[in-house]
Amino acid sequence: MTTARGRTAPRTRIVVDGNSVHAVDGISLAAVLVGERRWSLRRNPVGDDPRGPFCGMGVCFECEVTVDGRPGVRACITKIYDGMRVETAVEEEAPHDR
């Protein structure tokens, strides 16, 4: 990604469900996950329906994931950092389901 001044934005490497992902440093975790086409991040505890980012401002709790072993982290209000380890509660979707 190139900035408005033509510079290359710094990149960060995180690990999502065991897969290495490179993204622009400082953006939200939800933005990274959606950019990787991961819309389902957890399962509804009642109906087992897939849940994912909805409000984008930390109010709905639909984007909760586990970060560095800490569950219940809202991806939409969490900025990424180098070496972050993220676990979602859903299996990766098949390409035709995206």
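The model is predicted, with local features needing pLDDT of at least 70 and side-chain atom pairs counting only at pLDDT 80 or more, while totals for chains, interfaces and linings use all residues. Residues are numbered from 1 along each chain as its sequence is written, and side-chain values use heavy atoms, with hydrogens and water left out.

Let's start with the overall layout. The chain has seven strands and one helix, where helices (H or I, at least four residues) and strands (E, at least two) are DSSP runs numbered from the N terminus. Going along the sequence, the order is β-β-α-β-β-β-β-β. Of the 98 residues, 33% count as buried, that is, under 20% relative accessible area with a 1.4 Å probe, protein chains only. The accessible surface (Shrake-Rupley method, 1.4 Å probe) comes to about 6,300 Å², and carbon and sulfur atoms account for 49% of that. As for contacts (heavy atoms within 4.5 Å), 38% of those between residues at least 6 apart in sequence join residues at least 24 apart.

Next comes the core. In soluble globular proteins, nonpolar side chains tend to be buried together. A nonpolar core here is a set of buried Ala, Val, Leu, Ile, Met, Phe, Trp, Tyr and Cys residues joined through side-chain atoms within 4.5 Å. The largest one has 18 residues, and I14, L29, V65, A75 and V86 touch the most other members. Two or more residues each come from β1 (11–16), β2 (19–24), α1 (29–35) and β5 (64–67), with α1 giving the most, four residues.

I14 is worth a look of its own. Beyond its neighbours within four places in sequence, I14 is in contact with N19, S20, V21, L29, V32, I80, Y81, M84 and V86. V21 is also the bridge partner of I14 in β2. β1 and β2 run antiparallel and are joined by six bridges; strands pair if DSSP finds at least two bridges between them. The two strands form a hairpin with two residues between them, and D17 in the turn has a positive phi of about 50°.

D17 leads on to two other residues. R38 sits in the loop between α1 and β3 (42–43). R38 counts as buried because its relative accessibility is 11%. The side chains of R38 and D17 are joined by a polar contact of 2.9 Å. Then there is T66, found in strand β5. T66 and D17 are 49 residues apart along the chain, yet their C-alpha atoms are separated by 9.9 Å. Leaving out residues up to four places away in sequence, T66 touches P71, R85, V86 and E87.

Technical notes. Buried means under 20% relative accessible area, exposed over 50%, partly exposed in between (1.4 Å probe, protein chains only). A polar contact is a pair of N or O atoms within 3.5 Å; within protein, one must be able to donate a hydrogen and the other to accept it, and residues adjacent in sequence count only if both atoms are side-chain atoms.
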